[in-house]
Amino acid sequence: MLLTINGADYEVEAPEDMPLLWVLRDLLDIKGPKFGCGVAACGSCTVLVDGEPVRSCSYPASAVEGEVTTIEGIAQGDVLHRVQEAWIEHNVPQCGYCQSGQILAAVALLEQTPRPTDEDIDLAMTNLCRCGTYPRIRAAIKTASGQEG
């Protein structure tokens, strides 16, 4: 199968039911998406498929239609994405394990809702953070949206 990931094309030989996460991590050595729960509940494996967040641990690579974006693909060279900058400004990560998925979910939210309310953020950000950084995540999303965070 041919996959476009972070702007590059990859020809991949994988079983039809292989989750996208394993194609990314094991076959293509793209390590940003993390394995967390394996049942699409925690979101540490979140990537974007044509701008929509998907849980790659339970999303077959063969089902991908469109471009995949991982955390490695959102910065422009040395210039971080505005969500990454806001994450740094608010010192969001603690252990950091879930952060690539959190950031991609926030990127997708801001693409669809440029100035989200607290309720918008709560509805969109369903990824789990065992460190409990939710207040910092909300503040970073507000800052990235140009609102006071």
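**Close-up views of a predicted model**

View 1. You will find Lys31 in the loop that runs between helix H1 (20-27) and strand E3 (46-49). Leaving aside residues up to four places away in sequence, Lys31 touches Arg25 and Glu72. Ile71 is another residue to look for here: Lys31 and Ile71 are 40 residues apart in sequence, yet their C-alpha atoms are 9.1 Å apart in space.

**View 2. The packing of helices H2 and H3.** Helix H2 (residues 82-89) packs with helix H3 (residues 99-112) at an angle of about 125°, and their axes are 9 Å apart. The two helices are therefore oblique to each other, because an angle between 115 and 145 degrees falls into that class. The crossing of H2 and H3 is right-handed. On the H2 side, the contact is made by Arg82, Val83, Gln84 and Trp87. H3 contributes Gln99, Gln102, Ile103, Ala106, Val107, Leu110 and Glu111. By type, the residues of this contact comprise 6 nonpolar, 3 polar and 2 charged.

**View 3. The hairpin of strands E1 and E2.** Strand E1 (residues 2-5) pairs with strand E2 (residues 8-11) in the antiparallel sense, over 4 bridges. The hairpin has 2 residues between its strands, and Asn6 takes a positive phi near 50°.

Terms used. Residues are numbered from 1 along each chain as its sequence is written. This is a predicted model: local features need pLDDT of at least 70, side-chain atom pairs count only at pLDDT 80 or more; totals for chains, interfaces and linings use all residues. Side-chain values use heavy atoms; hydrogens and water are left out. Axes are lines fitted to C-alpha atoms, for helices over the stretch in contact, and angles run from 0 to 180 degrees between N-to-C directions. Angles under 35 degrees count as roughly parallel, over 145 as roughly antiparallel, 65 to 115 as roughly perpendicular and the rest as oblique. A crossing is left-handed if the near helix is turned anticlockwise from the far one by less than a right angle, and right-handed if clockwise. Contact means heavy atoms within 4.5 Å. Ala, Val, Leu, Ile, Met, Phe, Trp, Tyr, Cys and Pro count as nonpolar, Asp, Glu, Lys and Arg as charged, and the others, Gly among them, as polar. Two strands pair if DSSP finds at least two bridges between them.
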